[in-house]
Amino acid sequence: MSSDNTSPRGPLAGLTVLDLTLALAGPFATFLLAGLGARVIKIENRESPDPCRENPPYLGRDGVSLGRARPDDVSVSALNRLRGKYGVTLNLKQPGARDVFADLVRQADIVVENFSAGTLDRLGVGYSFARAINPRVIYCSVSGFGATQAPGTGKAMDNIIQALSGLMMTSGSPEDPPVRVGVPVADLVAPVFGVVGILAALRQREASGSGQHVDVSMLGVLTSLVAAEPFDLLEACGMPQRTGRVVPRLTPFGVYESADGHVAICAPTEQFARGVFGAIGHPEFEQDPRFATRDARVAHVDEMNAEIEAFTRSLPTAELLPLLERHKVPSADVRSPREAVRDPRVQARGETVPLEHPEFGRVADVVGMGVPITFSDARAACLRPAPSVGQDNALVYGEWLGYGPAGVEKLRAAGVI
């Protein structure tokens, strides 16, 4: 395909990605690739576009609304996840669509998809098809359970994966029902591993000349992260695996009430613990056999936390934080998402960014995700606004693939695009 000068010159500039993804897990992977400079071509079926386009809230000329008030209102999810991409349509169930997809694959370096395992094979455009067309292609699949046999329908969403991974039984207190993590962590972390796999496969391709299939399981990713903490062993040693606002084995470590909110305190080392003792006005705790060592503090965790919280409740957060800082204790206020995503430090680094309506611009204060990587000699950014469905058919098919206007119209009339 011919080059273009609208993509940021990121580390992946010059690579072309075919995006066959939907919802969040897949689109987040391709969002990251676009943000790192790759040219991403998002392929949608015009009859059933990416469902993220129907997620409330919506942004329109009148601002933000929970329901779509006007035809040109755009889902904030779509504005967030589809930035940096070119949008084309292709109905893979139509005769002739495989030929078009093959032409795209010939020019591509990477294909990313997140359908249930086997779906694209049944449509005739799975990895074996792509590899036959282009042996150098890297084909990444992010699915609920990987390419192996899956339970039930094989379909998975973040809530299902959180439930199966054990994650829901790690948050909250022992008496609480399962706690769903509010951020869709499975949908967001699995695609990061997908991108890691793609980058590793690109490196191997430099040596071998061949692409490969990168297979990432959402369940596998989230369960591997749960396994990073020895919850079962701690429970066998008498410590509940769900410990609410605190982490007993690292005491003092957790979230404590202030007079007007909450503060997070992390003091797992002796130096930090002594800082806490000084800050709360009990420097003598350094010699108290209940609190003098980490093991002692763990054995007397309830007493330790009661002493800390009795003090933190006496002061507002704005007074507690400078006090803890003076004693060199790692600490922070517990902020709302609204406050956090507008942190000037984060926005200055492009880690969160303002979102704009493609036609009406910044009609409301809406913040979306950036690419949270800063390079010394490259650029990470998503400059291109989210495309509408099929917005770039003429560009991609007509110009980049060389079909011309007549060829594009023929595909449209046949229902292929």
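Q: How do the axes of H6 and H8 cross, and within what distance do they come?
A: Keep in mind this is a predicted model. In it, the axes of H6 (residues 158-165) and H8 come within 9 Å, and they cross at roughly 45°.

Q: Ok, so is that pair perpendicular or oblique?
A: Oblique, because roughly perpendicular only starts at 65 degrees and roughly parallel means under 35. So H6 and H8 count as oblique to each other.

Q: And the crossing, left-handed or right-handed?
A: Right-handed, going by how H6 passes H8.

Q: Which residues make the contact?
A: On the H6 side you have Asp 158, Ile 161, Gln 162, Leu 164 and Ser 165. H8 brings Met 218, Leu 219, Leu 222, Thr 223 and Val 226.

Q: How does that contact split by class?
A: Between H6 and H8 there are six nonpolar residues, three polar and one charged.

Q: What else does H8 do, which strands does it lie across?
A: H8 (residues 218-226) lies across S8 and S9, and its direction runs at about 60° to S9.

Q: Which other helix packs on the sheet?
A: Helix H16 (residues 393-400) does, touching strand S2 (39-44) and S6. The direction of H16 makes about 80° with that of S6.

Q: Let's do the sheet itself. What's the strand order?
A: It's an open sheet of six strands, ordered S6-S2-S1-S7-S8-S9, with parallel pairing.

Q: Why do S6 and S9 have a side without a neighbour?
A: Strand S6 (85-89) and strand S9 (213-217) stand at the edges with a single partner strand each, so one side of each is left without a neighbour in the sheet.

Q: What does the twist average?
A: From one strand to the next, the twist averages 20°.

Q: How many bridges join S7 to S8?
A: Four, between S7 (residues 110-113) and S8 (residues 138-143), and those strands run parallel. As an example, Val 111 has Tyr 139 in S8 as its bridge partner.

Q: Changing topic: where does Asp 72 sit?
A: Asp 72 is in the loop between strand S4 (63-65) and strand S5 (74-75).

Q: What does its relative accessibility make Asp 72 count as?
A: Partly exposed, because its relative accessibility is 22% and buried means under 20%.

Q: What does Asp 72 touch, leaving out residues up to four places away in sequence?
A: Leu 59, Arg 61, His 357, Glu 359 and Phe 360. His 357 is 285 residues from Asp 72 along the chain, yet their C-alpha atoms are separated by 9.4 Å.

Key:
Residues numbered from 1 in each chain as written. Predicted model: local features only at pLDDT ≥ 70, side-chain atom pairs only at ≥ 80, totals over all residues. Heavy atoms only, no water. Pairing = 2+ DSSP bridges. Helix = DSSP H or I, 4+ residues; strand = E, 2+ residues; numbered from the N terminus. Axes fitted to C-alpha atoms, helices over the stretch in contact; angles between N-to-C directions. Contact = heavy atoms within 4.5 Å. Parallel < 35°, antiparallel > 145°, perpendicular 65-115°, else oblique. Left-handed = near helix turned anticlockwise from the far one by under 90°. Nonpolar A, V, L, I, M, F, W, Y, C, P; charged D, E, K, R; others polar. Buried < 20%, exposed > 50% of the residue type's maximum accessible area, 1.4 Å probe, protein only.
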